[in-house]
Amino acid sequence: MKKIIIVSLVFAAFIIALLGFVELKPTQAEYADLTLNRYAEQAGMPPVVFPHWFHRIRFKCKVCHEEIFLMRQGSNDINMQKIIQGEYCGKCHNGRVAWAPIYCDRCHSAPSTVVIPGARGFLK
Ligand code: HEC
Ligand code: HEC
Ligand code: HEC
């Protein structure tokens, strides 16, 4: 009898743990990577994946919001000229705070049907 109770308790704990795991998923989605694609694909580049969480654990929110980026996906008018001039991602990706924006594929990393010409920095 005791054994049955223990077994069912372990089983119940397992189910609860499983449910907990399933329930975690939406929470993680909140911190998921953001895709930026206002211009990229149209201009022949794969969309940009911005690893939000990667940055959030390194910088306080107010480093970026709202002085550099408005806090809504797709609301910032970002292009490469601005980045190279030190705006948006280029505030840090300038070869000093973080690597320079010459490694195209590190940012333009979203799955895409766009075929990337070697001349655009994707040749290793
Ligand atoms: C390194 C810069 C950076 C930091 C630090 C940062 N964010 Fe962001 N955040 C961004 C960028 C870039 C976007 C996307 C903007 C776009 O798509 O135009 C964004 C978007 C968002 C969005 C909108 C997401 C959506 O789906 O519309 C929210 C909410 C947000 N950030 C909250 C935060 C919070 C809270 C923190 C701190 C815990 C934080 N961010 C830290 C750069 C940053
Ligand atoms: C506040 C400074 C800051 C801003 C703004 C910023 N980054 Fe970063 N980013 C960093 C730092 C620091 C690293 C880590 C560099 C390293 O590891 O050498 C990084 C790393 C990355 C990585 C590599 C992540 C990995 O897994 O190694 C990507 C991709 C990236 N940034 C994309 C972007 C994009 C796209 C934007 C603009 C939408 C942006 N970043 C804006 C500071 C910034
Ligand atoms: C630090 C991250 C980062 C790096 C590195 C980077 N880009 Fe971008 N790029 C962006 C972001 C962010 C956008 C705007 C995305 C959008 O909303 O379409 C963008 C947009 C573009 C666009 C469309 C807008 C425009 O300016 O015409 C082109 C083309 C482009 N990038 C080419 C390149 C090339 C070529 C390289 C390598 C030499 C490169 N990018 C490297 C972040 C980056």
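How many helices and strands does the protein have? Here are my notes on this one, bearing in mind that the model is predicted.

1. **Overall fold.** The count comes to five helices and two strands. Walk along the sequence and you get the pattern α-β-β-α-α-α-α.

2. **Packing.** As for contacts with a separation of 6 or more, 34% come from residues 24 or more positions apart.

3. **Ligand 1.** This one has 18 residues around it, with His55, Cys61, Cys64, Gln73 and Asn76 the closest. Strand 1 (34–36), helix 2 and helix 3 each give two or more residues to the shell. By class, the shell splits into nine nonpolar, seven polar and two charged residues.

4. **Ligand 2.** Here the shell holds 20 residues, and the ones that come nearest are Phe50, Cys89, Cys92, Ala98 and Cys107. The elements supplying two or more residues are strand 2 (48–50), helix 2 (52–56), helix 3 (61–64) and helix 5 (104–107). On the class count, 15 residues are nonpolar, two are polar and three are charged.

5. **Ligand 3.** Around this ligand sit 24 residues, with Arg38, Asn79, Met80, Cys104 and Cys107 nearest. Helix 4 (80–84) and helix 5 are the elements that give two or more residues. The shell's residues divide into 15 nonpolar, six polar and three charged.

Terms used:
Residues numbered from 1 in each chain as written. Chains lettered and ligands numbered in written order. Predicted model: local features only at pLDDT ≥ 70, side-chain atom pairs only at ≥ 80, totals over all residues. Near = placed C-beta within 6 Å. Helix = DSSP H or I, 4+ residues; strand = E, 2+ residues; numbered from the N terminus. Nonpolar A, V, L, I, M, F, W, Y, C, P; charged D, E, K, R; others polar. Contact = placed C-beta atoms within 7 Å.
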